[in-house]
Amino acid sequence: MGKRVFKYGTRIAFRETINGSLWIAAGAFGIFDNQPCKYISVILLALAIISQAFAIFGKFEKTDEMATANLNVAKAITLDYIRILIMLIYIILLIMPNDIVANLDWGKIIYPALILFIGLPEVITGLLFNKIEEE
Amino acid sequence: MPILKTRIHEFRRELNLQQAELAEMVGVRRETIVKLEKGRYNPSLKLAMDIAKVFGKPVEEIFEFQADPEDSDESN
């Protein structure tokens, strides 16, 4: 009895959408300064690793030229969205009064922000890939 | 932008091939054949030639680009 072969779209879902969502959720829980939230964050990151591992080691359809092309388009559009987001954040920081910006706890913001910037592009890429494939 | 029209569906039916079978023969996913039949994906030259080889037809007989009616309206 052979192993089930999953669709390529499933691989992208686990590698991008699910993995990215778990990273974002982990980042969200990481904002809170208490042990339960930190544990939840760690568990979510562990699940993200499992999701990624499944995408790498699971049995999937081979990629083909259309899948490669669609993934590249999804990634290019995602890059545009992330650029816009970074520019918006920068504009907001420029507009905000200096004393507010200076008093922000950057140590607490950096960690979840980094996780958001890892997870968000993955989620966008995965969703866009799915949309392009279905068009 | 020219519109791609294909006769893959027609030739596939002649050979009694399923989409998945044709996909496997030319090394792509079934979804790619679906999109090709709908004219929603421009194949690489290699893929086009591989498909033509399966059907035993020239590439030009399977794939055709037609002018987009909207383009001719804009130029007028």
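I began with chain B, where Gln19(B), Ala20(B), Leu22(B), Ala23(B) and Val26(B) of H2(B) meet Arg30(B), Ile33(B), Val34(B) and Glu37(B) of H3(B). Contact means heavy atoms within 4.5 Å. I sorted these residues into six nonpolar, one polar and two charged. Nonpolar covers Ala, Val, Leu, Ile, Met, Phe, Trp, Tyr, Cys and Pro; charged covers Asp, Glu, Lys and Arg; the others, Gly among them, are polar.

I noted the ground rules. This is a predicted model, in which local features need pLDDT of at least 70, side-chain atom pairs count only at pLDDT 80 or more, and totals for chains, interfaces and linings use all residues. Residues are numbered from 1 along each chain as its sequence is written, chains are lettered from A and ligands numbered from 1 in the order in which they are written, and side-chain values use heavy atoms, without hydrogens and water.

Next I checked the helix axes (lines fitted to C-alpha atoms over the stretch in contact, with angles from 0 to 180 degrees between N-to-C directions). Those of H2 (residues 19-26) and H3 (residues 30-37) of chain B come within 8 Å and cross at roughly 105°. That makes H2(B) roughly perpendicular to H3(B), a label for 65 to 115 degrees.

I turned to chain A. Thr17(A) sits in helix H1 (residues 8-30). Is Thr17(A) buried or exposed? Thr17(A) is buried, at 17% relative accessible area; the cut-off is under 20%, with exposed over 50% and partly exposed in between (1.4 Å probe, protein chains only). Leaving aside neighbours within four places in sequence, Thr17(A) contacts Ile12(A), Glu122(A), Val123(A), Gly126(A) and Leu127(A).

Last, I found Ile86(A) in helix H3 (residues 65-95) of chain A. Ile86(A) is partly exposed, at 45%.

Key: Helix = DSSP H or I, 4+ residues; strand = E, 2+ residues; numbered from the N terminus. Parallel < 35°, antiparallel > 145°, perpendicular 65-115°, else oblique.
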